[in-house]
Amino acid sequence: MTALSVHDDDIFRPVFHYSAKNTWLNDPNGLVHHEGIYHVYYQNNPFGSVWGNMSWGHATSTDLLHWDEQPVAILCDAEEDIFSGSIVIDEYNTSGLGDGQTAPLVAIYTSAYKDSSVRRGTQAQSLAWSSDGGYTWTKYQGNPVLDRNSADFRDPKVFRYNGLSGSYWVMVAVEANEHKVVIYSSENLRDWHYLSSFGPANATGGVWECPDLFPLPLDGDEGQTKWVLTLNLNPAGPNGGSGGQYFVGHFNGVAFTSETTVTQGISKRADLDAYQWLDWGRDYYAAVSFNNAPDGRRLMVGWMNNWQYGAAIPTWPWRSPMSLVREMSLVTDQGRPRLAQRAADEYLAHNPESVDTWPGLAIAEGIHHLGAGVAVGIIEVTFTPDSAEEFGLIIRGNGSDGTRIGIRPLENRLITDRTRSGDTEFHDAFASVDTAPIRPASDGSYTLTVFIDRCSVEVFAQNGQVTMTGLIFPEPDNTDISLYSEGGSATASCLKVTRLAELPAHVTEPMLLRG
Ligand code: FRU
């Protein structure tokens, strides 16, 4: 394993987020934990820094902090691009693809057929398998295994269902333009039977992509398990462009029924606040969860970018980081089930350079410099409004510019303002003030945990019930953090700033195609 050779001018290379060494990536695919290793595959252009030649790139980690880039796992060819999908561990070799000795890993991916294919213009689901723990892959001869003769049938997430209806494989995929999640079952991963569909519902302003369906105990009570259906929407996310929504309800092995549907699919801008979003920021898309994560953890990863401007972000030769790995739970809030998310605890094991704490600070109107040198770090803080109209943090600042993460208590909004965050010029749609509805805790306070990496900020507010993720491209020297208040005063308590060491995540070198 060799250390990543970061270009001298590679000022945005993330420290604790995965990025491919020198190529384009988008959706996370085939997230699976197998024999002590987390595998992240992803939509990858092995030959360039923009979308194209879609193949499955691959990275591995034992601790979620350090990622090793592996050779491309499944390469596109003249007939098909390899679009998004998932991986299962076929423990009992139900597919018959294994050698009888070791359980094969089976990838279920979307074949996006090219002009040279007799199936051109359609998308169908195909298999590939690996007998060496996920490093080399062979396509199944009988592909595709599920074809609806549709141009927009994609992104299969397959998992093992064990419930009252039996034990079998379940696939959720989308008919993207119809705003439908379609659900299938299989005994052997090769023959699939239609079960049901879900949608349109809630946000339908863009295509539906990359669904996931998983159980979670409500308020930690295994006796009260509910199912969460997540899916991604592009465009027309809550702050524009790509976004992800979720529904909570019940899955009986055949159909998903939602308790949280507000509208059967006539999405209006005014309704967006009423829907449940995986993230309110602009840069969290195509999120899916790991299969077989240890200890029953439900760990999710999203693509930290947005289709609106994704190809223009000023990083090179790599483009797009993955989000933090997030651990999901389900809590009751105002009588309804709601996802709560937090960064995986592993991030707290990251080498801190220093930790500063302030038990209580009064924030008079204005900007108050707290410290410098926080290019990469974690800020935890609880705010209480006094007379202020807006208050919060300015990160990656230089005295005048910076990214604001604030609360507008009178409007009940969390905001991230990146209009003066650094380089915003590369695309008209990038600079923005993004907002999310937020309610104070019963004591009137707002608690935020903010993860800052070299080109991103991820905000987990009110125990992770509201999250907001955004890319930023500040000057490397802009590392100040400040508190600010407008229109009056506020209080910050339990403020903790952890500076993280700038150790680059290591990546195996070079990124080579096998064969
Ligand atoms: C989502 C998506 C998927 C598709 C993939 C292609 O970002 O459009 O629906 O499988 O990207 O790269």
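How many contacts beyond four places in sequence does the model have for residues 504–515, where pLDDT stays under 50? The number is 41.

**Confidence**

The protein averages a pLDDT of 93, and 94% of the residues score at least 70.

| Residues | pLDDT | Contacts beyond four places in sequence |
|---|---|---|
| 1–7 | under 50 | 20 contacts |
| 504–515 | under 50 | 41 contacts |

Where pLDDT is low, the predicted coordinates should not be read in detail. The contacts of residues 504–515 and of residues 1–7 call for that caution.

**The sheet of S10 to S13**

Strands S10, S11, S12 and S13 form an open sheet, in that order, with antiparallel pairing. Strand S10 (153–163) and strand S13 (193–198) stand at the edges; each has a single partner strand, so one side of each is left without a neighbour in the sheet. From one strand to the next, the twist averages 25°. Strands of a sheet pair through backbone hydrogen bonds, either parallel or antiparallel.

Strand S12 (residues 180–186) is joined to S13 by five bridges, and the two run antiparallel. Within this pairing, Tyr184 has Tyr194 of S13 as its bridge partner.

**The hairpin of S31 and S32**

Strand S31 (residues 456–461) and S32 also run antiparallel, here with six bridges between them. Val459 has Met468 in S32 as its bridge partner. Four residues lie between the two strands of this hairpin, and Gln462 takes a positive phi near 45°.

Is strand S32 (residues 466–471) enclosed or open to the outside? Six of its six residues are buried, so strand S32 is largely enclosed by the rest of the structure. Val466, Met468 and Gly470 point one way from S32, while Thr467, Thr469 and Leu471 point the other way; all are buried.

**Cysteines**

A disulfide is a covalent bond between the sulfur atoms of two cysteines. With a cut-off of 2.5 Å between cysteine sulfur atoms, the count comes to zero disulfides. Cys210 is in no disulfide, and the nearest cysteine sulfur, that of Cys76, is 18 Å away.

Which cysteine is buried, with a relative accessible area of 4%? That residue is Cys210, which counts as buried because its value is under 20%. Cys494, at 54% relative accessibility, counts as exposed because the value is over 50%.

How values were computed:
Residues numbered from 1 in each chain as written. Predicted model: local features only at pLDDT ≥ 70, side-chain atom pairs only at ≥ 80, totals over all residues. Heavy atoms only, no water. Pairing = 2+ DSSP bridges. Axes fitted to C-alpha atoms, helices over the stretch in contact; angles between N-to-C directions. pLDDT = per-residue confidence, 0-100. Contact = heavy atoms within 4.5 Å. Buried < 20%, exposed > 50% of the residue type's maximum accessible area, 1.4 Å probe, protein only.
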